[in-house]
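Here are my notes for you to read alongside the model. Take the points in order and find each place in the structure as you go.

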Amino acid sequence: MAKVKVLRDLISGEEYWKEVATDRQFRRMTGALVWPEFCRDNLAPGALVVLGETRARENVLGGRHLVFILEEARAQDDWKVRRWATPLSDSRVCLLDDYNDELRSMNRRQIRFGDPLGWVGKGEGLLPYYHALVQRRTMGEKTLFLGKESSGAAEIGKLRPEDASRKPTDFPGAAAVMFALAEIDAAPMPEWGERPTFEGGPADLLGGY
C-alpha cells in the first residue's frame, strides 16, 4: 500500500498529499540525499530524508506550517517526492542519471534532482546558514518535528560552533534534514487563496508559456 495518496482540493484545485497511516495532509513533500563519505577503513553512511509540510487553512492567518519527518533511510518510491536536493559537486550524482534511465525504460516518471537551495561550490562555510533554518523552527517556536529516533536530529544536536567552517556534508544525517528543510523554507509556497507571483516576459503573457 502506498504511504501517501495524491488528492486534489475540490474548491481550489490544489494538489496535496495525505499520509495513509495518520491521515495528515501535506501541501508538499521534500527530499534530500547526502552521499556517504569515503573513510580510510570503511564507507561512512550517507543519508536520505523526506519531510512533509502540513496543509492547514489556519496558516493563512500567519505562522509557519508544521514540518514532519516522514522517512529517514533509503529511497522510497512511495513518497513521490518531486525533486531531490543533493549536491551536484559529488560525482556520484551520475548514479541518479543511471536510475532515471532505468525508470525511462519502464515508462515510469523520472526523478528530478539538483543542488540544495542556497548551495554554493562544495558547501564550505554554509553549515551556519542551513543550521539557522532548523533553529528558527526549534527555538522560540516548535514547527519542526523530527522525532526521538531521528539520526539527523541527533547529529544536529551535536553540532558545535567550531564546526561552522566545515561542509554540511561532513554531517550526512544533519545535512539531509537541513537540505530538505531548505526546499521548504527557502522557497515558500503561496497561501490559500493567493496566486503565485508571475515572473516572466511579454511572450509568457501573450503565448501562455
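**Notes on the fold**

1. Start with a pair of helices. Helix 2 passes helix 4 in a left-handed crossing. This is a predicted model, so treat every value here as computed from it. The axes of the two helices come within 10 Å and cross at roughly 70°. Angles of 65 to 115 degrees count as roughly perpendicular, and helix 2 and helix 4 are therefore roughly perpendicular to each other.

2. Which residues make this contact? From helix 2 come Leu 127, Tyr 130, His 131, Leu 133, Val 134, Arg 136 and Arg 137. Helix 4 brings Met 178, Phe 179, Leu 181, Ala 182, Ile 184 and Asp 185. Find both groups before you move on.

3. Now step back to the whole chain. It has 209 residues, and buried residues make up 40% of them. The secondary structure comes to 5 helices and 8 strands. From the N terminus on, the order is β-β-β-β-β-β-α-β-α-β-α-α-α. Take the contacts between residues at least 6 apart in sequence: 61% of these join residues at least 24 apart.

4. Next, the nonpolar interior. In soluble globular proteins, nonpolar side chains tend to be buried together. In this chain the largest nonpolar core has 29 residues. Those with the most contacts inside it are Val 49, Leu 51, Tyr 130, Met 178, Phe 179 and Leu 181. Two or more residues each come from strand 3 (25–34), strand 4 (47–54), strand 5 (67–72), helix 2 (127–138) and helix 4 (172–185). Which element gives the largest share? Helix 4 does, with 10 residues.

5. Val 49 is then in contact with Thr 30, Gly 31, Ala 32, Ile 69, Glu 71, Glu 72, Trp 84, Ala 176, Val 177 and Ala 180. Another core lies apart from the largest one. This other core has 16 residues, among them Val 4, Trp 35, Leu 70 and Leu 103.

6. Is Thr 86 buried or exposed? Its relative accessible area is 0%, so Thr 86 is buried. A polar atom of its side chain lies 2.8 Å from the backbone oxygen of Leu 33. Beyond four places in sequence, Thr 86 is in contact with Leu 33, Trp 35, Val 93, Leu 96, Phe 113, Gly 114, Asp 115 and Pro 116.

7. Thr 54 is found in strand 4. With a relative accessible area of 10%, Thr 54 is buried. Residues up to four places away in sequence are not counted in what follows. Thr 54 touches Gln 25, Phe 26, Arg 27, His 65, Leu 66 and Phe 68.

8. Finish with Arg 55. It lies in the loop between strand 4 and strand 5. Why does Arg 55 count as buried? Its relative accessible area is 12%, and buried means under 20%. Its side chain makes a polar contact of 3.5 Å with the side chain of Glu 14. Another polar contact, of 2.6 Å, joins the side chains of Arg 55 and Gln 25. Arg 55 and Tyr 16 are 39 residues apart in sequence, and their C-alpha atoms are 7.7 Å apart in space.

Notes. Residues are numbered from 1 along each chain as its sequence is written. This is a predicted model: local features need pLDDT of at least 70, side-chain atom pairs count only at pLDDT 80 or more; totals for chains, interfaces and linings use all residues. Side-chain values use heavy atoms; hydrogens and water are left out. A nonpolar core is a set of buried Ala, Val, Leu, Ile, Met, Phe, Trp, Tyr and Cys residues joined through side-chain atoms within 4.5 Å. Buried means under 20% relative accessible area, exposed over 50%, partly exposed in between (1.4 Å probe, protein chains only). Helices (H or I, at least four residues) and strands (E, at least two) are DSSP runs, numbered from the N terminus. Contact means heavy atoms within 4.5 Å. A polar contact is a pair of N or O atoms within 3.5 Å; within protein, one must be able to donate a hydrogen and the other to accept it, and residues adjacent in sequence count only if both atoms are side-chain atoms. Axes are lines fitted to C-alpha atoms, for helices over the stretch in contact, and angles run from 0 to 180 degrees between N-to-C directions. Angles under 35 degrees count as roughly parallel, over 145 as roughly antiparallel, 65 to 115 as roughly perpendicular and the rest as oblique. A crossing is left-handed if the near helix is turned anticlockwise from the far one by less than a right angle, and right-handed if clockwise.
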